[in-house]
Amino acid sequence: MELLETPEYQEAIALWQEGRFWEVHEALEPLWRRLSGPERELTHGVILLAAALHKARTNPQGGWRNYQKAMVRLRGLPSTFAGLHVGRLVEGVRQALQTGLARLPEFPR
């Protein structure tokens with residue numbers, strides 16, 4: 001089964017599209033704990049990007065801190081990995097943080 005087809009990712013993607021970023025973290029954490037290797041790093045990065053968007057609602061600097069933590073996890077992964085357009089996701093979150101969340105990013109598959 002592809003990583004993005006797991007029940008955890010399916011739930012997280014739906015939550016992401018609703019702007020429920022804290023819940024994205026909650027949906028993915030059990031899966032993240034079971035994964036290893038690049039899939040674990042990807043999932044940890046996605047969790048941190050969701051946390052960045054959640055935190056930025058009340059603390060923009062905290063959002064940027066989580067974004068930087070996500071970049072550490074995602075560094076070295078291809079632009080598209082495990083069915084996710086990692087580069088587009090990262091860029092979308094960066095733009096959202098720069099604009100004060102004026103436009104929330106899609107979850108690009």
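A crossing of helices is left-handed if the near helix is turned anticlockwise from the far one by less than a right angle, and right-handed if clockwise. By that rule, α2 and α3 cross in a left-handed way. The model is predicted: local features need pLDDT of at least 70, side-chain atom pairs count only at pLDDT 80 or more, and totals for chains, interfaces and linings use all residues. Residues are numbered from 1 along each chain as its sequence is written, and side-chain values use heavy atoms, without hydrogens and water.

Helices are DSSP runs (H or I, at least four residues) numbered from the N terminus. Axes are lines fitted to C-alpha atoms over the stretch in contact, with angles from 0 to 180 degrees between N-to-C directions.

| Pair | Axes come within | Crossing angle |
|---|---|---|
| α2 (residues 21–34) and α3 (residues 37–56) | 9 Å | roughly 160 degrees |
| α3 and α4 (residues 60–74) | 7 Å | roughly 170 degrees |

Helix α3 is therefore roughly antiparallel (over 145 degrees) to α4. Contact means heavy atoms within 4.5 Å; residues making the α3–α4 contact include Leu 48 and Leu 49 of α3 and Tyr 67 and Met 71 of α4. This contact has 11 nonpolar, five polar and four charged residues. Nonpolar means Ala, Val, Leu, Ile, Met, Phe, Trp, Tyr, Cys and Pro; charged means Asp, Glu, Lys and Arg; the others, Gly among them, are polar.

In the other pairing, residues of α2 including Trp 22, Leu 28 and Trp 32 meet residues of α3, among them Val 46, Ile 47 and Leu 53. The α2–α3 contact divides into nine nonpolar, four polar and three charged residues.

How values were computed:
Helix = DSSP H or I, 4+ residues; strand = E, 2+ residues; numbered from the N terminus. Parallel < 35°, antiparallel > 145°, perpendicular 65-115°, else oblique.
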